Amino acid sequence: MGGLTTAQVTELSSTNVVIHPLVLLSVVDHAARLHLEQNAKKRVLGILLGQDNGTSINVANSFAVPFEEDDRDPRTFFLDLDYVEEMWRMFRKVNAKERPVGFYHTGPRLRSSDLEITELFKRFCPRPVMVIVDVRAHGGRGDTGIPTDAYFAVEEIRDDGTATQRTFTHVPTSIDAEEAEEIGVEHLLRDISSSSAAASSSLLATQSLSNRVAAQLDSLRGLHARLTDISDYLEAVRAGKMPVNHQVVDQVQEIVGLLPQLGGDVELGRAFRVQVNDQNVLVYLGLIVRTVLALHNLIDNRIANVQQEIEDAKTPEEKRADKAKTEGKKDEAKDKDGKDGKEKEKEGKKA
């Protein structure tokens, strides 16, 4: 990819990278086999297969590649390109539509050797995309959003006439699945979250409510993490530690411009806070009522199950005795109702 102007880099940043669940599972399996949790500096690398449609890149498959690098000097690394060619030759026999579109590694951050690795992969595709997959179980990108970041290596031509610079430009990523993959993922999640006992409808409602609350909390954590990154970047720019990126500054200014101006108008700010508090109270009361109803149904279900267990544990003689008692009580109730009816008739005649 030759030198690009700032406008061309911005246009390139609109390319969407679609990653399938099979790729994520393969990357996690690759990392788990090498026990990366024991060595945080070590990472794994592999090839991404799919289709490059110009405006989007569809990553449908992948395979691991032998890769080693020096922990003290990241620029010293070993990458077996002959192995890549042989594996691609075998993959073409299975599915000729899937071609190399880039490579992945487990980062979790950019490294100094990534530009050199990207140049090596240009022998397989004209514009290789680099996808960083965060495989950490806790404390990674997966806690606050999609655990992937995609980049294109570009040689940016400065508008001020200064020397060109090789760098990475970030492109958005999304996770999409075909029908077969959706079925497989659903079965996997069902096996993980299944319990030994069959859950009642009230318990399922409670679980779905807790899942929605957990999802909202994760979204808030993700928003907080993004705002923290923006704040750290602006502080670094103000301190002169990082150069000014006008594209990022424009986006931040657009976000700030969409926020309501509540500082100047005291009455408007008070009305806004009162309305938000009223809505929160209604939501809170609704959640309490729903939880109480779910617990009530759960208790009724438990009582019914205990009574059924007691009935199942009785012997046939005890069941017949209980049945006889029940029928005797019914006969007594009928006799009593008949006597009451006759007495009422007599009183009616006397009157």
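# Exercises: salt bridges, a helix face and a surface patch

Glu311 and Lys314 form a salt bridge, their closest N and O atoms being 3.5 Å apart. A salt bridge here is a side-chain nitrogen of Lys or Arg within 4 Å of a carboxyl oxygen of Asp or Glu.

This is a predicted model: local features need pLDDT of at least 70, side-chain atom pairs count only at pLDDT 80 or more, and totals for chains, interfaces and linings use all residues. Residues are numbered from 1 along each chain as its sequence is written, and side-chain values use heavy atoms, with hydrogens and water left out.

**Exercise 1.** Classify Glu311 and Lys314 by accessibility.

*Solution.* Start with the cut-offs: buried means under 20% relative accessible area, exposed over 50%, partly exposed in between (1.4 Å probe, protein chains only). Glu311 has 37%, so Glu311 is partly exposed. Lys314 has 23% and is partly exposed.

**Exercise 2.** Find what the salt bridge between Glu85 and Arg123 ties together.

*Solution.* Take the contact: the two side chains meet at 2.4 Å, N to O. Now place the partners. Glu85 lies in helix H3 (residues 81-94), and Arg123 in the loop between helix H4 (114-121) and strand E8 (129-133). The pair therefore ties together parts that are 38 residues apart in sequence. Helices (H or I, at least four residues) and strands (E, at least two) are DSSP runs, numbered from the N terminus. Glu85 is partly exposed at 33%; Arg123 is partly exposed at 49%.

**Exercise 3.** Locate Arg320 and Glu317, and describe their contact.

*Solution.* Both residues lie in helix H9 (residues 316-350). They are 3 residues apart, about one turn of the helix. An α-helix has 3.6 residues a turn, so residues three or four places apart point the same way. Arg320 and Glu317 meet in a salt bridge of 3.8 Å, N to O. Both are exposed. Elsewhere, salt bridges that share partners join Arg43, Glu69, Arg111 and Asp114 into one network. The structure holds 16 salt bridges.

**Exercise 4.** Which residues of H4 are buried, and where do they sit around the axis?

*Solution.* List them: Asp114, Leu115, Ile117, Thr118 and Phe121. They cover an arc of only 160° around the axis, which puts them on the same side of H4. The arc is that of the directions from the helix axis to the C-beta atoms.
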